[in-house]
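User: Please examine the structure shown below and answer a series of questions about it.

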Amino acid sequence: MADSFPATISGPTSKERKYDRQLRLWAATGQQALEDARVLLVNSDGPLGSSSTGVTGVAGVEALKNLVLPGIGGFTIVDPATVTEADLGVNFFLEEESLGKSRADETCRLLRELNPDVQGYSYSKSISDLLTDPDFLSRHKLVIISGPTKRSTLEPLCQKAQELEIPVLYVHSLGFCATFSLQLPTEFPIVETHPDPESTQDLRLLNPWPELAAAAESLGDLEAMDDHQHGHVPYTLLLLRFLSQWKQTHGAMPDNYKEKSAFREFVRSNARTKNAEGGEENFDEAVAAVLKTISPFSLRSSIREIFEMQQCQQLTTNSADFWVIASAIRTFYNAHGVLPLPGSLPDMKAQSADYVALQNIYKAKARKDVEEVTATIRQLESQLGRTTTILDREVEVFCKNAAHIKVVRGRGIAQTNEDTDAVTLKALRSGLAMPESLASIFIACQIIDAVVDEIQSKPAQNQLSVDDEGLWVAQKERILALLTRDDPTPLDEEAQESIDNAIQEIRRAEGGELHNIASLAGGLVAQESLKVLTRQYVPLDNTCVFDGARSRSEMYRF
Amino acid sequence: MATAVIGSSGYKGRWNHLYKVLSKPGPFSDEDWVPGQGTINTLESSKILVIGAGGLGCEILKNLALSGFKDIHVIDMDTIDISNLNRQFLFRQADIGKPKAEVAAAFVEKRVKGVNITPYVGKIQDKDEDYYMQFKIIICGLDSIEARRWINSTLVGMVDFENPESLKPLIDGGTEGFKGQARVILPTLSSCIECQLDMHAPRPAVPLCTIATIPRQPQHCIEWAHQIAWQEKRKDDTFDSDDMEHISWVYNEALQRAQHFHIHGVTFQMTQGVVKNIIPAIASTNAVIAASTTSEVLKIATSCNPYLDNYMMYAGEEGVYTYTFEAEKKEDCPVCGNLARKMDVDANMTLGEFIESLGEKAEAQLKKPSLRTEERTLYQRFPPQLEEHTRPNLRLKLGELVENGQEIAVSDPAYTIDFRYRLHFK
């Protein structure tokens, strides 16, 4: 085997040192994806009634801060507002000298100071004006919109983004409450979901391939070993050996909990206890691993669903790489009844050479599986007449993560208006029916959206305040009526009270932000942005509500 | 309608959003709470101590300043490193090497007019009870369990039931990668850091024999180079994990050992991670946790909403998950409880082995313990004569030294208090 070790030591570059703490989470590939991305922040869209220059947009600015620091390629701020005194009390990325100037320009300037690697652009105009340039939106990989925003702005923006498959985050931060929704393309596949390492172990003890079975056979007579040897047999080999003995005496592998418990006792009874330590660590590990690892391979339902999706079954020349690889893995599964072996082996008590030899058996099998999948992919590529070749590295990563891939079926920004579909309304109703539900905060944010929509779209209303009692009462009634559109059962008392409480808490701030809550929302929004941009970990699907009064959050699929 | 309220800063309209919230009751605020000018005055006169000016600390200082607090103190002993710049947003390339507390305080003071931030560059252990007594609330953004335990036991010890002012709420935040937690501690009244110690268990250490004789993982080779090879070959140099030459040396040694055993995967980055026990850290998680802790500070200082009772954990790897619950106050907590904590031990274990296990046991985590029973000293590290005198006990079995069910007191130089355990033989 050709061992390759670097001949010279090169320390990390200054960029690697600066980003060290995050590279440990998303590695160089994730970092590259961030650096290739420009993020658009639409931070206000006209005044929120009288005596206001618009949404203060602190949650959006704070989100950008958390994206500029880890080094996204660039950002664009669109915000027609000018800086007021009230901005200085809530937005950290403005200073005394900013008063009266363009808020987009000033926040952009102060955010850029955070990281010289990041490009920043600002536009002191309405997003609707910028969208007339057909290339404007497509320069971005993600859009963050600060609410409340009127429908005539929000909807075309979200729709254009959906056409371009650009994800959108729509955020509200109002007093002690915050909520945001994530709009993803209709299919959003993720390969590197980073599951808990404990859940990814795949040792194939019940159906070992020939080389692994041979390794267990070649152990020879365990009884004849001296204590040192006996205490250093890797536990996977011990389990393989005892499983084959069990099969001989019982006619089958241990299947249910009772049999596995009996098998576990059988393993335990083979440990030597009359040695100096009074037991053997490798046997302890074997005993502990029985219930976790002795299970036949079964395909997770989420992976089966992916295999059954039309995109996986009917490839085209233009199918995304993800689907081509997924299809090849489906072929592999159909042929072998298992997914490609991930190939990693947990640490276990063993002599160095024995462990490395066993590790190599797992690695070699994983490599062989990757080769088989790759061969299928190459065949598919030529059948489909694809002009580009999927990188070997991509296939390898996919095979390693095959049991944990995910396809999020994206939905539009959650909204409550006449166009809202029955599914969303149903989800809202069941959300509201839960005790201590936070869905009421989402409803209250929908009401303020409707209030702002009235103010911004009807010139007759624009002298009203965003806290105008009449507007709130009218819009609340409208939205409550909508909630009973498909299901005429009236809302129960608790749900009504919950909505009233949410409205009262939100109206305390009269449309304004508290810095803490905006900063928290900005942190959560940035976290989701990072996951979407790197295509690593698993993003929100699709709405999150945070209640700062009671220090709780909930996720909903609206 | 609400009349206009004015803060001490006098900037008209600057604090509009905050003052509006503080001038109206909410659905969850206490019925007896009086919103308005009095609350605003209380907020502005509350003196707050921030412990740590790192990833959480930078956010906390910004958040407190923009929550209307005017008198903030900050303690941190560290200087700025290049690897801080991906999240500690008050620092720039040119600040590398300068003290964090000073740079952070100066930046926020300059940006937010009317706030006073007093930095102290040094250790929390430098300060005494009189110092901590001047604050209304203490908020921590630390990366060390040891420092948290120290401030926790200090604040518990300060509580004088005759004097309500002596009870200092402690708000603590912590992060690791995409995860974190915020907690509110009312010393002696609610679950404290020590009560919750076993929720933050240290990673199990690799046995020394694996490192010394049978390495299997690249990390084992790095531990060998760090712990054993350095002692053998460079024992006159004090190892410094911030010295690039030292790390390079360890990396090189680890690489050679790995090569010898045909182990793959030793990298410079991994070497640094193992040797410095690096925990991944990003701006967004820090923002979430810091904001959640400062939101609790605002609520406690002003009573404008109920505060967290008492723990919120956050996990961001899969969607946005938080879990808010009340951690239990433990009667056998060595810091705030009255009873000795039960500990199951093997009577055949030697005292030396038991002492080693105290470093790793989730409920103890004591690195340099000295032990005694009510009658006798079992092992005492200091002074040297007493150490010599008690050293032979290290080889004796626990069963020979203590009775089943007997209580022992453990002291450790890192903490000011004794930890009491009741040993039960397995």
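**Questions on the predicted model**

User: Where along chain B is H262(B) placed?

Analyst: The model discussed here is a predicted one. In it, α9(B) is followed by H262(B), whose phi is positive, near 60 degrees. The place of H262(B) is in the loop between α9 and α10 of chain B.

User: What distance separates the C-alpha atoms of H262(B) and E363(B)?

Analyst: Along the chain, H262(B) and E363(B) are 101 residues apart.

User: Against which helices do the buried residues of α9(B) pack?

Analyst: The buried residues of α9(B) include W249(B), Y251(B), L255(B) and R257(B). I247(B), V250(B), E253(B), A254(B) and A258(B) are also buried in this helix. The packing partners of these buried residues are α8 (218-233) and α10 (268-276) of chain B.

User: Which strands pair with β6(B), and in what sense?

Analyst: Strand β6 of chain B, residues 179-185, is mostly covered, with six of its seven residues buried. Its pairing with β5(B), residues 170-176, runs over seven bridges in the antiparallel sense. A pairing over five bridges links β6(B) to β7(B), residues 311-315, and its sense is antiparallel.

User: Which residue in the turn between β5(B) and β6(B) has a positive phi?

Analyst: The two strands form a hairpin with two residues between them. In that turn, a positive phi of about 60 degrees belongs to G177(B).

User: What distance separates the centres of domain 2 and domain 3 of chain B?

Analyst: Chain B is divided into domain 1 (16-177 + 281-308), domain 2 (208-276) and domain 3 (341-425). Taken over C-alpha atoms, the centres of domain 2 and domain 3 of chain B are separated by 31 Å.

User: What does UniProt list for residues 343-426 of chain B, and how far apart are the end C-alpha atoms?

Analyst: The unreviewed UniProt entry lists "domain: E2 binding" for these residues. Over residues 343-426 of chain B, the chain is 25% helix and 25% strand. The end C-alpha atoms of this stretch are separated by 10 Å.

User: Which helix gives the largest share of the side of chain A that touches chain B?

Analyst: The contact involves 69 residues of chain A and 70 residues of chain B. Elements that each supply at least two residues of the chain A side include α2 (20-35), α16 (352-384) and β10 (552-556). By class, that side has 29 nonpolar, 21 polar and 19 charged residues. The largest share, 11 residues, comes from α22(A).

User: How many residues does each of domain 2 and domain 3 of chain A bring to their contact?

Analyst: Chain A is divided into domain 1 (14-188 + 514-556), domain 2 (203-293), domain 3 (301-408) and domain 4 (422-507). The centres of domain 2 and domain 3 of chain A, taken over C-alpha atoms, are 30 Å apart. The contact takes 13 residues from domain 2 of chain A and 10 residues from domain 3 of chain A.

User: What percentage of the residues of chain A count as buried?

Analyst: Chain A has 22 helices and 10 strands. Its C-alpha atoms fill a box of roughly 95 × 60 × 55 Å, taken along the principal axes. Of the 558 residues of chain A, the part that counts as buried is 48%.

Notes
Residues numbered from 1 in each chain as written. Chains lettered and ligands numbered in written order. Predicted model: local features only at pLDDT ≥ 70, side-chain atom pairs only at ≥ 80, totals over all residues. Domains from an automatic or database assignment. Contact = placed C-beta atoms within 7 Å. Helix = DSSP H or I, 4+ residues; strand = E, 2+ residues; numbered from the N terminus. Nonpolar A, V, L, I, M, F, W, Y, C, P; charged D, E, K, R; others polar. UniProt positions renumbered as here; feature names shortened; annotations may be inferred. Buried ≥ 20, exposed ≤ 12 C-beta atoms within 10 Å, placed from the backbone. Pairing = 2+ DSSP bridges.
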